[in-house]
Amino acid sequence: MKRGIVIGLVAAIAVQFFILVGMYVQAQVPLWTGQPVAVKTIPVDPRSLFRGNYAQLSYPFSTLDQTLFSEGDRLSYGVVVYVSLKKGEFGLYELDSAGLEPPDSGVFIRGRITDIKLENSSWRYRVRYGIEAYFAPKEKALDLEAQLRDGGVADLMVSADGRARLKTVRGSEDQ
């Protein structure tokens, strides 16, 4: 009887361990196998007692207009969208198109609609990609805050399925 309890306990602990390892590996895959992409960013600098010093980032493609979607229907919260990026001025990637299905080719990132607003008779969608916060030690965060006042560049790693991870953030003078 006791042996069965011990085996069950060990199995429960092992399952939890492997779930955590799987979550870590899934989050790291874009950093290990992704394509490097540099995008323009607009920072905000909050601090959190629980999360530490970080820069909250926004991108030119963080807000998407309804006209970008060929479907024409009003989208809802939580809908997954795919944003195609093309290499633009100074080698930075910028918005090319958006849709509800992943494109067949090219660089694209996957995001989720988190806010919807009606502006000038057109719906505007706020999209989160999981690359909106950059954590740094206090000294580096303060230095980065000064560098990013006029905007900066976020270096991303984007996997083939559109998952993006933030690698580094640099000031506009480092471009």
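A salt bridge here is a side-chain nitrogen of Lys or Arg within 4 Å of a carboxyl oxygen of Asp or Glu. The model is predicted, so to speak of local features takes a pLDDT of at least 70 and side-chain atom pairs count only at pLDDT 80 or more, while totals for chains, interfaces and linings use all residues. Residues are numbered from 1 along each chain as its sequence is written, and side-chain values use heavy atoms, with hydrogens and water left out.

On those terms, searching the whole structure turns up four salt bridges. One of them links E132 to R128, with 3.8 Å between the closest N and O atoms. E132 is buried at a relative accessible area of 5%, whereas R128 is partly exposed at 45%; buried means under 20% relative accessible area, exposed over 50%, and partly exposed in between (1.4 Å probe, protein chains only).

Another pair is R170 with D155, whose closest N and O atoms sit 2.8 Å apart. R170 lies in strand β11 (residues 164-171) and D155 in strand β10 (residues 152-158), so this pair ties together parts that are 15 residues apart in sequence. R170 is partly exposed, at 23% relative accessibility, and D155 is buried, at 17%. R163 and D161 make a further salt bridge, at 3.0 Å between the closest N and O atoms, and D161 is partly exposed at 38%.

As for the overall layout, the chain has two helices and eleven strands, in the order α-β-β-β-β-β-β-β-β-β-α-β-β along the sequence. Helices (H or I, at least four residues) and strands (E, at least two) are DSSP runs, numbered from the N terminus.

Strand β7 (residues 107-119) has partners in β5 and β8, where pairing requires that DSSP finds at least two bridges between two strands. With β5 (residues 80-87), β7 pairs in the antiparallel sense over six bridges, and V83 has I109 as its bridge partner in β7. Strand β8 (residues 122-128) also runs antiparallel to β7, joined by seven bridges, with E119 opposite S122. Two residues lie between the strands of this β7 and β8 hairpin, and N120 takes a positive phi near 50° there.

Turning to the chain totals, buried residues make up 36% of the 175 residues. Of the contacts (heavy atoms within 4.5 Å) with a separation of 6 or more, 58% come from residues 24 or more positions apart.
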